[in-house]
Structure formats: C-alpha cells, structure tokens
Amino acid sequence: MTRKEQNDQFTAWIRDHAGILHKVARAYSFQPAEQEDLLQEIYLAVWHSIPGYKAGSKVSSYLYRIALNRAISWVRRESAYRRKLDQFQSAPGASAPDSRLEFLYAEIRQLTKTERALILMQLDGFSYEEIGLILGLSTSNVGARLTRIRQKLATNLKEKTP
Amino acid sequence: MIGGILVLAAMLLTGTLTFWQQVERALADNAYTFANSYLDMAVTLAGVLMVLRGLVYVLRMQRELRNFKDDTWSCLELLIHGLRDDVRSIRRHLPIMLGGLLLLGLLSRLQLILGGVGFNDGWAELILVGIGVLMVYAFFRYRLQVHVRPRLEALEAVRRELAGDSLKPDDL
C-alpha cells in the first residue's frame, strides 16, 4: 500500500467513523484535554493499522477494536492527573452541552476498563459474538458480564435519580 | 520508519567500526594502551549499546502500534511482555553493563599502577565516569518506578479483569 493510499483510506475512515473514536475516547478519559490526548493516540493507532485491514470485514468493527485496545492500554500518571482533575472540576462551564449524555458517560466511566468496552459495544449494536471476537472472550462470558454490568448501571441510576 | 531504521543502522555500523579500530590500535600500538584509551573505548561501546537498545525500542513500538488491530487479550499480552522486558533490562542488564564499565576503568588504572606510572590525574577521569554511571542508573531507576512499573501493574490489572478473576462463580 502506498503512502497516498494509506492517507486516503485514513481520511475516509475518520470522516465516516469519527463518532466511534470520539465515543471511546470520551468513555476512557475524564477531562477534555485528556480526551484530546487519547484521541490523538487512537488516530495514530488507526493510521498504523490500515495496512493490516482485510477488505470485506466491517470497518466499524475494526476501528472499534483498535480504539478500545488503545484506550484500554492507555495509562495516565495518577498523581499528576488527580491534581489537574481537582483544579478542573472547580472551573466554571465545565459541564457538557447535553447533560443527559454527560450523565451517561459519567456512569460508564465508573465501570472498569473491560466493562466500559463491553457496554459501549453493546450500546452500538454489536452482537455478543462480535464483542467476544474483539475482546478475545467467549460468547457466554460476554453475555454473563453484560448482564452484571446492566444490573450495576441500573442500581447506580436508581440510587441517583429521585 | 524505514529512514529511521536506516539512520540507526548507520549509527550502529559507525560505532562498531570505531570501536573495532580502537581495539586494533590498542593491540598494535604500544603507546595506545588500554589504560589511556579506556575512556574513548568505553564511550564508543556505550554508544553502540544505546543505539542497539534504541533499535529494539523502535521495532517494539512499531510492533505494538500494529498490534492494536488484534483482539484485546493478545494486545495486552504483547504490551505486558514489552514492559516486563523493560523491567528486566533496568533491574539486571543495566547494572551489569554499568558495573562492567566501572570495572574496566578500575582495571585500566591498575594497568598504569603496575606499569610503574603510579597515581595520576587519570583517577579524576575514572571518578567522572563513576558519577556518570550513577546518574544514568538513577535516571533509569526513576523511570522504572514512576513510568514502567505503574503502567505494567495497570495493564496486568486489566488483563486479570479480562480473564474474569473478578467474576463471581454464579455469573458464569
């Protein structure tokens, strides 16, 4: 694959599937600056994965796999992050435009990294088999974990809504 | 990428050739003994080893970037393997290499003393090398504690989570 072909493919994928990458970045980072950092890392991973894409397989599934793997393996230094988090949370205008969406993301961020990956893919309509292939889990394992995640989310939401 | 590897390969070749010429000269030229060529050879050898290590890092980084298209389990395995390799390098290989450099320095001073030259300002050179070795070791230990180990522990925690260690028996 030539550099130009790789460029064109990258541009087309970002144009058509940017939502997936933004969704994953938002679920795996807490602050807008961190989301930008993670998104850049995901873009870089997508770029390097273009030659490995097999024509015929779903692009959305492929991009989800790359984005989730990058996000799951992304580790920030806790002490520096915590200081910045405290500073940012006190700043005015820190809330997202859609408060319901931000509320949902805030709940998703309370889950573990693997749980976030599972619930994000389920919300996007992936089957248990597809989720299992992406994460390297069996279909039954995926089903059992998703049941537990849904119960956890339902309990949390019930406690927080009047 | 190819350009970067070619540059590193050229640096490696240059360093290796330079080191080989220094060894040949030390063997052939009576005036160019191990004692008075130690610092030159140590710097060249350290440079060659650093470039080799740099090449390993670049190739590993490329492999990791290409690996994100695999399933999450395989991806994590590769990242954890790389980080464990880092830990092993810093905890075992680096002290051996730096200790070896210091030992060669001591041997070079001993050669001078046994040759009847006695104590001279060449010891200042060895002290500088010692300070440099300590600084390099301290830098890598800091990197191990602050960057490498926390990342390794975090990724191992995610792998355990993926393996279902946190699942209760009635969930399966």
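Here is a short tour of a predicted model, stop by stop. Residues are numbered from 1 along each chain as its sequence is written, and chains are lettered from A in the order in which they are written. Local features need pLDDT of at least 70, side-chain atom pairs count only at pLDDT 80 or more, and totals for chains use all residues, while side-chain values use heavy atoms, without hydrogens and water.

**Stop 1: chain A as a whole**

Show chain A as a cartoon and you will find eight helices and zero strands (helices are DSSP runs of H or I of at least four residues, strands runs of E of at least two, numbered from the N terminus). Of its 162 residues, 46% count as buried, meaning under 20% relative accessible area with a 1.4 Å probe and protein chains only.

**Stop 2: an aromatic cluster**

Select A:Phe10, A:Tyr43 and A:Trp47, which form one aromatic cluster. Rings of Phe, Tyr and Trp (its six-membered ring) pair if their centres lie within 6.5 Å; planes under 30 degrees apart are stacked, over 60 edge-to-face, and the rest tilted. Seven aromatic pairs turn up over all chains. One of them is A:Phe10 with A:Tyr43, edge-to-face at 6.3 Å centre to centre and 90 degrees between the planes. This pair links helix α1 (residues 3-28) to helix α2 (residues 32-49) of chain A, with its two residues 33 apart. A:Tyr43 is buried, at a relative accessible area of 18%.

**Stop 3: helix α6 of chain A**

Now select residues 113-123 of chain A. Nine of the 11 residues of this helix are buried, so it is largely enclosed by the rest of the structure. Among the buried ones are A:Lys113, A:Glu115 and A:Arg116. Zoom in on A:Arg116: its charged end sits over the ring of A:Tyr28, 5.1 Å from the centre (NZ of Lys or CZ of Arg within 6 Å of the ring centre and within 35 degrees of the ring normal). After α6(A) comes A:Gly125, with a positive phi near 90 degrees.

**Stop 4: over to chain B**

Select B:Arg53 and B:Tyr57: the arginine lies over the face of the tyrosine, at 4.8 Å from the ring centre. Finish at B:Leu103, in helix α3 (residues 72-114) of chain B. Together with B:Leu104, B:Leu106, B:Leu107, B:Leu110, B:Ile113 and B:Leu114, B:Leu103 makes a nonpolar surface patch of about 640 Å².

Patch residues have over 30% relative accessible area and no salt bridge, with nonpolar side chains joined within 5 Å; a salt bridge is a side-chain nitrogen of Lys or Arg within 4 Å of a carboxyl oxygen of Asp or Glu.

Key:
Patch = residues over 30% accessible without salt bridge, like charges linked within 9 Å, V, L, I, M, F, W, Y side chains within 5 Å. Areas by Shrake-Rupley, 256 points an atom, 1.4 Å probe, with all protein chains shown as cover. Buried < 20%, exposed > 50% of the residue type's maximum accessible area, 1.4 Å probe, protein only.
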